[in-house]
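Visitor: I would like to learn how to read charged side-chain contacts in a model like this one. Could you take me through them step by step?

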Amino acid sequence: MINNVSKGRGNDLVVITEGALITALAMVLSFIPHSTGVSAVEFSYGLIPMSIFALRRGLKPGLMAGLVWGILDLVIRGFSNGGFLNPLQGFVEYPVAFGVVGLIGLGSVQVKRSIEQGNNALGLIIFYSAIGFFAKYFFHFIAGGIYWGSYAPKGMNPWIYSLVINGGSFIANMIMLLILAVLLNKIFKRLIMVKN
């Protein structure tokens, strides 16, 4: 009994450590220039390691890592780069929008089972990643329509503008994931499977 408890605590520590490293990696990747050149449509490179972590460790660790990433991004970049307009907008666009990326973890068991059975898990990886990516950009879309409307081109509906920017970012990041998942399929599988 005591041995099982210590194993559980040791495993929790491994998951927390992995989460901290992935969150730090996602934050570092935020500093790489990531504009597509199309207005505010941007790549978010940190979504890739977050996807792998959420599929590797599951829903709860994925949500927690995303939440911490959002808080870090708010403190390090949001306050200094003008991304914080007021507390409610900051809450929606940072802790909430980044946190829901962890919804990718909903597919953890199914993706791992598919890999173990020797099936191609690429479709599942993309499907569950799309859930997390969509959730993130949905919250940015809501905040964009409510708070960022003044940045829309003159005469353009702020909701349409927000849809174009955030929908474009969602599509750009899904294309990035698709390309990487296809090119690095074997590496993705190894990173998702837990050995301990």
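Predicted model: local features only at pLDDT ≥ 70, side-chain atom pairs only at ≥ 80, totals over all residues.

Visitor: Which residues are linked with Glu18 in a network of salt bridges?

Guide: The general idea is that side chains of opposite charge can pair when their charged atoms come close. Here, Glu18 is joined with Arg56 and Arg57 in a network of salt bridges. For arginine 56 and glutamate 18, the closest N and O atoms are 2.9 Å apart, while the salt bridge between arginine 57 and glutamate 18 has an N to O distance of 2.7 Å.

Visitor: Where do these partners lie along the chain, and how many residues separate them?

Guide: Arginine 56 belongs to helix H2 (residues 47-57) and glutamate 18 to helix H1 (residues 2-29), so this pair ties together parts that are 38 residues apart in sequence. Arginine 57, also in helix H2, is 39 residues from glutamate 18 in helix H1, and that pair likewise links distant parts of the chain.

Visitor: Are the two arginines buried or exposed?

Guide: Arginine 56 is buried, at 17% relative accessible area, and arginine 57 is buried as well, at 14%.

Visitor: How many salt bridges does the structure hold?

Guide: There are three, including one between aspartate 73 and arginine 77, at 2.8 Å from N to O. Aspartate 73 is buried at 3% relative accessible area, and arginine 77 is buried at 19%.

Methods:
Residues numbered from 1 in each chain as written. Heavy atoms only, no water. Salt bridge = Lys/Arg side-chain N within 4 Å of Asp/Glu carboxyl O. Helix = DSSP H or I, 4+ residues; strand = E, 2+ residues; numbered from the N terminus. Buried < 20%, exposed > 50% of the residue type's maximum accessible area, 1.4 Å probe, protein only.
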